[in-house]
Amino acid sequence: GQLKIATLAGDYWYVTPVKAASERPLTIVPVVNCSEPREVLNSQAWLQPERLNRPAAYLAIRDPGTEPTYGGCGLPKITGHYGIPSNITPLESDPNALLLIYGQGLESPMGDLTGRSRSAEQQYQTLQPINNGTSCAKGVTLNIVAHQDDDLLFLSPDLLRDVDARRCIRTLFVTAGDAGQDLNYWYGREQGAMAAYAQMYNVPNSWRQAHQTIAGRRVSVQYLNGVPQVSLVFLRLPDGGIPGEGFATDKHQSLKHLYEGAVQTLASVDGKATYTEQGLISALVDVMAADKPDIIRTQDDSAANRADDHSDHRLVGYFTKLAHSRYHQRHNLKTYLGYTQRLKEPNVSEEDVARKQAAFFTYGAFDPSVCRSVEECALSETYGLYLQRQYIVDDIHRKR
């Protein structure tokens, strides 16, 4: 794009030649081991505090071999130190090179590079209620789902009804949906979710990112600029895969293993937070307490659905139900069938199918694993069927 990078971080041997070849002023941050400052004679190479919030980039060069590492480090370690980029751009001149773009500057505490420390508490504020400065007269909906397309596939067209009614909407995605892949994939899925919400509201795909805490844990929160009553929250816990056994890249961490006690904690794939089972439930309760939703939508956790649905779907529904039992405001909790809805009769009108498709195809432009057109989805035994169906399993009314 037209963004002019003022600061370039990365391995000394990669960023130093870039500075020498640059035709305009460029501050470089030469590091080793992904984030440790490298001692250099030229003091001008160091990141100056006044440039901390200028547009920046991290130059990551893929190592030889099958593991997606960069300078011996996985992308989670890089992003855990510098933050999640606003964009990721492969270099045309080198297929092994990625530029992680930080339009608002490097996010993470940089005391080791600048001599001044910024603590997480200074950077991250407690989650702001969705009705903070926004009218929620039509009510508040909190959607809690496992993956970045689950709301579009399983909670819609009820989701579209909330959009039409201009209710305040917060959607919380519990896992990164990474499927054992690296940041390129799961970050793309997040971008797809954001694009889909902008499409449903027919506003520009422009968002304000806020770094906030939920139950003391750092999370990424996005607010749709054109519709301030819409927000997406990404916890980025590891995807467990359909059977729930997790993936080697995430050390086989999963919600299923957390539920079964095989692991005591789950670490988010961006390296920002860890959750115990009770910590995850507390995080969901905190969001409910902050937003005070009168409708909570989530996924089915029923035993009859265990064999055929994704483990993450079931367990997100399970943990949401536990959180709902601790949320004492008056509300409805609605749970929705996941994969097994394809076995039931189509029950979504043609008009709503077209709207579901439009939102899902917008998302699909960022996710290479899904169908992206009516023709492609017609050949699918999964997505094409999900788009024609929506089934509520439970509708629980809780009074104060």
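**Ground rules**

I am working from a predicted model, where local features need pLDDT of at least 70, side-chain atom pairs count only at pLDDT 80 or more, and totals for chains, interfaces and linings use all residues. Residues are numbered from 1 along each chain as its sequence is written, and side-chain values use heavy atoms, with hydrogens and water left out.

**Whole chain**

I started with the secondary structure and got 13 helices and 19 strands. Helices (H or I, at least four residues) and strands (E, at least two) are DSSP runs, numbered from the N terminus. Next I checked burial: 55% of the 400 residues of the chain count as buried. The cut-offs are under 20% relative accessible area for buried, over 50% for exposed and partly exposed in between, with a 1.4 Å probe and protein chains only. Then I looked at contacts, meaning heavy atoms within 4.5 Å. Among those between residues at least 6 apart in sequence, 68% join residues at least 24 apart.

**Serine 86**

I picked serine 86, in the loop between helix H2 (75-82) and strand E7 (87-91). Serine 86 counts as partly exposed at 41% relative accessibility. What does serine 86 contact, leaving aside its neighbours within four places in sequence? I found Ile101, Tyr102, Gly103 and Tyr187. For glycine 103, I noted that its C-alpha atom is separated from that of serine 86 by 6.2 Å, with the two residues 17 apart along the chain.

I went through the loops for backbone angles. Serine 156 and proline 157 are joined by a cis peptide bond, with omega about 25°. Proline 157 is in the loop between helix H5 (150-154) and helix H6 (158-165).

Two alanines also went on my list. Alanine 179 has a positive phi near 50° and is not a glycine; it sits in the loop between strand E11 (168-175) and helix H7 (183-201). Its relative accessible area is 30%, so alanine 179 is partly exposed. Alanine 215 also has a positive phi, near 50°, and I found it in the loop between strand E12 (207-214) and strand E13 (217-224). With a relative accessible area of 25%, alanine 215 is partly exposed.

**H6 against H7**

Two packed helices are described by the angle between their axes and the distance between the axes. For H6 and H7, the axes come within 10 Å and cross at roughly 55°. The axes are lines fitted to C-alpha atoms over the stretch in contact, and angles run from 0 to 180 degrees between N-to-C directions. That angle makes H6 oblique to H7; under 35 degrees would be roughly parallel, over 145 roughly antiparallel, 65 to 115 roughly perpendicular, and the rest is oblique.

Which residues make the contact? I listed Leu159, Leu160 and Val163 of H6 with Tyr197, Met200 and Tyr201 of H7. They divide into 6 nonpolar, no polar and no charged. In this scheme Ala, Val, Leu, Ile, Met, Phe, Trp, Tyr, Cys and Pro are nonpolar, Asp, Glu, Lys and Arg are charged, and the others, Gly among them, are polar.

**Salt bridges**

Side chains of opposite charge can pair when their charged atoms come close. I used a side-chain nitrogen of Lys or Arg within 4 Å of a carboxyl oxygen of Asp or Glu, and the count came to 15 salt bridges.

Arginine 161 and aspartate 352 meet at 2.2 Å, N to O. Arginine 161 is in helix H6 and aspartate 352 in helix H11 (residues 350-364), 191 residues apart. Are the two partners buried or exposed? Arginine 161 is partly exposed at 38%, while aspartate 352 is buried at 7%.

I then checked aspartate 291 with arginine 170, another salt bridge, at 2.9 Å. This pair links helix H9 to strand E11, 121 residues apart. Aspartate 291 is buried at 1% and arginine 170 is buried at 0%.

Last, I noted a network of salt bridges linking Asp158, Asp162, Arg167, Asp294 and Arg297.
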